[in-house]
Amino acid sequence: MGEAIVVTSGKGGVGKTTTTANIGTALALTGKKVCLVDTDIGLRNLDVVMGLENRIIYDLVDVVEENCRLQQALIKDKRFDCLYLLPAAQTKDKSAVEPEQVKKLIHELKQDFDYILIDCPAGIEQGYKNAVAGADQAIVVTTPEISSVRDADRIIGLLEKEENVASPKLVINRIRNHMMVNGESMDVEEIVSILAIDLLGIVVDDDDVIKSSNNGEPVALDPKCKASIAYRNIARRINGETVPLMSLEDQTGVFKKMKKFLGIRG
Amino acid sequence: MTSKQRKAQHVIIKGTKDGLTLLLDDQCSLDALIHELQDKLSEHPDTTSNVHGPVKVKLVIGKRYLDDIQIKELENTFSKEMNVIIDEVDSEVMTKADAEEMKQNNQMTRIVKFIRSGQVLEVKGDIILIGDVNPGATVKATGNIYILGRLRGVAHAGFTGNEEAVICASSMTPSQLRIASIIRRPPENKENETTGQEMECAYLNEENEMLIDKLQKLSSIRPNLTMDIDL
Ligand SMILES: Nc1ncnc2c1ncn2[C@@H]1O[C@H](COP(=O)(O)OP(=O)(O)OP(=O)(O)O)[C@@H](O)[C@H]1O
Ligand SMILES: [Mg+2]
């Protein structure tokens, strides 16, 4: 039986969908059987980022309303035989499904897949409740901005109340190394100290992420790009491997230590 | 006349410099008390009419329990003759609910947790929080707040009005501090800001200004907080 992981953030636009698509792709690269589930009903994006929009026939609401069987709504990825997508409906809204219904559906998927990655909509209302209903694990995505960290903290507080969800893991997205080094944005250490949860990985801000999303080719497919390596490392950590944090943070770390040594407060 | 003398044993009125003290018998019925009080008040002309504002009355009621309605009734008996407020009731008994409340307000709650944005932790009595209070989170206590961790959000000590309450934290960089009804924000200019490097405590001085001081000062600021101990 597989594991369901919800990707959430509280604040919108911090990279939930990007993270879901790329971790999913990276997990598929390691040979795992993966299903991506878009619960952002009414604002679906995951299909676009995966480049699968044209193949949608049925969606999550159709499955819940029993207009089709679950298997009929699953879209197989272009690149991997072990990667599938269950798209959200675009014409309905969040109230079209109930948490219990999503839970049942996720449970069904867990029979066939190693990992189910659930892309959560922004906010803490119905859409969030639907997304976490069937989850066993949670990934909280934040950017190094104060407002994003604040919302992540709020979400972590809510997730900690979910009895079935293990303690959430953190992904810090869109890191701009020079800003952290100059003390213009919060640094990794500071964010982790506030949120006080395990760090699963950090992803740099990278134009390639936007370019590849626009092409419907998740960046994780490109082995040369820095963001891609970050997503692959996250996937390996999810698989239980111990992978050291990327050189980028090492540099930040070393730099910080140097600054501390020199008596400069960052 | 004899019957009046017997009744007269139930209510004793004493004048003090703060107002009146009424010693009320705790064995007779409340009606008997009220009747007797009426009689006494009508016998004695109002000698306090030259005092400005209402006269403060203290009730000493022994082992009798009076609820708010009954106290109001007594106050009304007075107000037919003179302008008074009952500002203190000294009773040797209390209801279970009041006792429970008192117990809660004197207890110490220990919580090991991070309080996160949007969460409100509210307790009766004092709280020891082992963990951080993050920005956007609030901790409230009717008594004192002691935080073994970083206070980055809001702390409200003595929120039901206790101005003696204090807030202590290992690292004091709050977004707001409140004690009773006094609110304090961190200073806007960064220089005067607390650094969060050392343990500090916040309290109200006699002028009801909130001050933040080193934790070492606490025992002199609030000597009652500590138990006696020989070292
Ligand atoms: N590491 C990154 N580097 C550069 N751009 C990124 C990165 N991560 C995400 N983005 C871009 O940020 C934008 C928002 O990302 P995304 O749609 O994944 O966020 P979201 O949290 O799913 O948003 P919503 O709350 O609307 O669902 C997209 O344009 C995406 O390409
Ligand atoms: Mg999204």
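Hi everyone, let me start with a salt bridge: the side chains of Arg116(B) and Asp153(A) meet at 2.7 Å, N to O. By salt bridge I mean a side-chain nitrogen of Lys or Arg within 4 Å of a carboxyl oxygen of Asp or Glu. This pair crosses between chains, with Arg116(B) in the loop between strand 5 (108-112) and strand 6 (120-123) of chain B, and Asp153(A) in helix 7 (residues 146-159) of chain A. Over all chains, the count is 21 salt bridges.

A word on the source: this is a predicted model, where local features need pLDDT of at least 70 and side-chain atom pairs count only at pLDDT 80 or more, while totals for chains, interfaces and linings use all residues. Residues are numbered from 1 along each chain as its sequence is written, chains are lettered from A and ligands numbered from 1 in the order written, and side-chain values use heavy atoms, without hydrogens and water.

Now, which residues are closest to ligand 1? They are Gly13(A), Lys16(A), Thr17(A), Thr18(A) and Asn173(A), out of 17 that surround ligand 1. By class, that shell has six nonpolar, six polar and five charged residues. Its largest share, three residues, comes from helix 1 of chain A.

Let's look at the oxygen atoms of the ligand. A polar side-chain atom of Thr17(A) lies 2.7 Å from one oxygen atom of ligand 1. For Arg174(A), a polar side-chain atom lies 3.0 Å from a ligand oxygen, and Gly13(A) brings a backbone N or O atom to 2.9 Å from an oxygen of ligand 1.

Definitions and conventions. Near = heavy atom within 4 Å. Polar contact = N/O pair within 3.5 Å; in protein donor to acceptor, adjacent residues only side chain to side chain. Helix = DSSP H or I, 4+ residues; strand = E, 2+ residues; numbered from the N terminus. Nonpolar A, V, L, I, M, F, W, Y, C, P; charged D, E, K, R; others polar.
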